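Take a look at the chain shown here. We will walk through it step by step, from one end of a helix to the contacts between helices.

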Amino acid sequence: MLSIEKKSLNNILNKEAKRVGIITIIKLAQFLNLPISDFVKVYLQELPSEQIGDIEKAKKNNFIVQNFDLPQLHKKKFISSKTDYDLIENRIVKFFGLNSIYDFAKEVVTPAFSRTKRSSSDLMREFWVQSALYQFKLLENPNSYSREQLIDLIPKIRSYTKNVKKGLVTVVKALFSIGVTVIYQESLPNISVRGATFVVDGKPCIVINDLYKRYPTLWFSLMHELHHVLYDFDEIQQVKYHLTGEPDLWLKEEKANNFAREYLFNEKRSKYILPFINESVLVKEYAEKSQVHSSIIYNFYMYDTNRWGKFKNQMPDINLAINSLNVNIWENESVEETTEKLKKEIFNI
């Protein structure tokens, strides 16, 4: 009646069948007048533990493939293998301090990440975002956020661009003292994020990276994100974070860019120095008068003219600025190890 061989049927009934084909499952479900999903649940409950383990392992491996870009993480040397899923799972679970691999990215859900099939850039961006978010949660900035103090501090930031080695870390510490946590997190392959602003426990948090490998961009990104802190705090609090470098869905990126330029080296100053841009002595003198590093003047010139190679040799080594902020998160065993370094070496808490 079922068109199933007697021997096969007996093996199923005696729980001795190692494999049951989908057609057989459909036939049995129809014969028993059960929905196929209910029949499968009953069938799975009766499977030997060894086979259930195989199914769970396949489910877990599929979760890893769906949520992590393994080739890119391997390229970044975050994982040592692209195919040893036990090793990959252990690395990720330990890194984020998760109870289970299924706990990854449970909290942050945005429309950009909700597509059924996500691209490599989606996966890498989410990994980068989660890494930053976990750091901010573990850092727990003990200082109260003061918008008024931030407004007072922002005009003082520009002069610190002149100190390539210590200027940025000095400003980061000053911001931390008024409740604004800033970290540097190295970029990852396939993402175009230049910076991001989060709100964690009601306080603003900023992450900047080395996307373009240029010293002036570090400062521009910081000022850009500070604009979001000042003027978009409530909206960011609702969605938890805002990424810079992504499509401008809020139509506010131009305002943030203008803010950053105004406080670093505005267009009026750029127009003044333009006729003398090839005279390095005059540019340095004007930079000193404007209390800004000369590379920022050159960077705005290259941006305005789209001649990115013209003054490339005037850019300081970005590593001099980020060495004191970069705790090499992708090389550390865990986010907790990273934040312990930040607490000890930068924030003194």
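Start with N348, which counts as exposed at 69% relative accessibility. Remember that this is a predicted model. N348 sits in the segment after α17. Its phi is near 55°, a positive value in a residue other than glycine.

Now step back into the helix itself. Helix α17 covers residues 335-347. Which of its residues are buried? They are V335, T338, T339, L342, K343, I346 and F347. Look at how these are spaced. An α-helix has 3.6 residues a turn, so residues three or four places apart point the same way. Seen down the axis of α17, the buried residues fall within an arc of 140°, so they line one face of the helix. The face turned away from that buried side carries K344 and E345, which are exposed.

What do the buried residues of α17 pack against? Their partners are α6 (85-96), α7 (120-139), α9 (167-177) and β1 (181-184). We will follow two of these partners, α7 and α6.

Take α7 to begin with. Two packed helices are described by the angle between their axes and the distance between the axes. For α7 and α17, the angle is about 55° and the axes are 9 Å apart. On the α7 side, the contact uses S131, Y134, Q135, L138 and L139. On the α17 side, it uses V335, E336, T338, T339, L342, K343 and F347. The residues of this contact divide into six nonpolar, four polar and two charged.

Move on past α7. The loop between α7 and α8 holds E140. E140 has a positive phi of about 45°, although it is not a glycine. Is E140 buried or exposed? At 53% relative accessibility, E140 counts as exposed.

Angles over 145 degrees count as roughly antiparallel. In α8, the residues that make the contact are R147, L150, I151, I154 and I157. They meet W219, M223, L226, V229, L230 and Y231 in α10. How do the residues of this contact divide? Ten are nonpolar, none is polar and one is charged.

Now return to α6, another partner of the buried residues of α17. Helix α6 also packs with α4, residues 49-67. The angle between α4 and α6 is about 60°, and their axes are 11 Å apart. These two helices, α4 and α6, are therefore oblique to each other. The crossing of α4 and α6 is left-handed. K57, K60, N61, I64 and V65 in α4 meet Y85, D86, I88 and E89 in α6. Here the residues divide into four nonpolar, one polar and four charged.

Zoom in on Y85, which is found in α6. Y85 is partly exposed, with a relative accessible area of 23%. Which residues does Y85 touch, leaving aside its neighbours within four places in sequence? They are N61, I64, V65 and L70. Consider N61. Y85 and N61 are 24 residues apart in sequence, and 6.4 Å apart in space, C-alpha to C-alpha.

One last stop is K255. This residue has its place in helix α12, residues 253-265. At 58% relative accessibility, K255 counts as exposed. K255 and A105 are 150 residues apart along the chain, and their C-alpha atoms are separated by 30 Å.

Technical notes:
Residues numbered from 1 in each chain as written. Predicted model: local features only at pLDDT ≥ 70, side-chain atom pairs only at ≥ 80, totals over all residues. Heavy atoms only, no water. Contact = heavy atoms within 4.5 Å. Helix = DSSP H or I, 4+ residues; strand = E, 2+ residues; numbered from the N terminus. Nonpolar A, V, L, I, M, F, W, Y, C, P; charged D, E, K, R; others polar. Buried < 20%, exposed > 50% of the residue type's maximum accessible area, 1.4 Å probe, protein only. Arc of directions from axis to C-beta. Axes fitted to C-alpha atoms, helices over the stretch in contact; angles between N-to-C directions. Parallel < 35°, antiparallel > 145°, perpendicular 65-115°, else oblique. Left-handed = near helix turned anticlockwise from the far one by under 90°.
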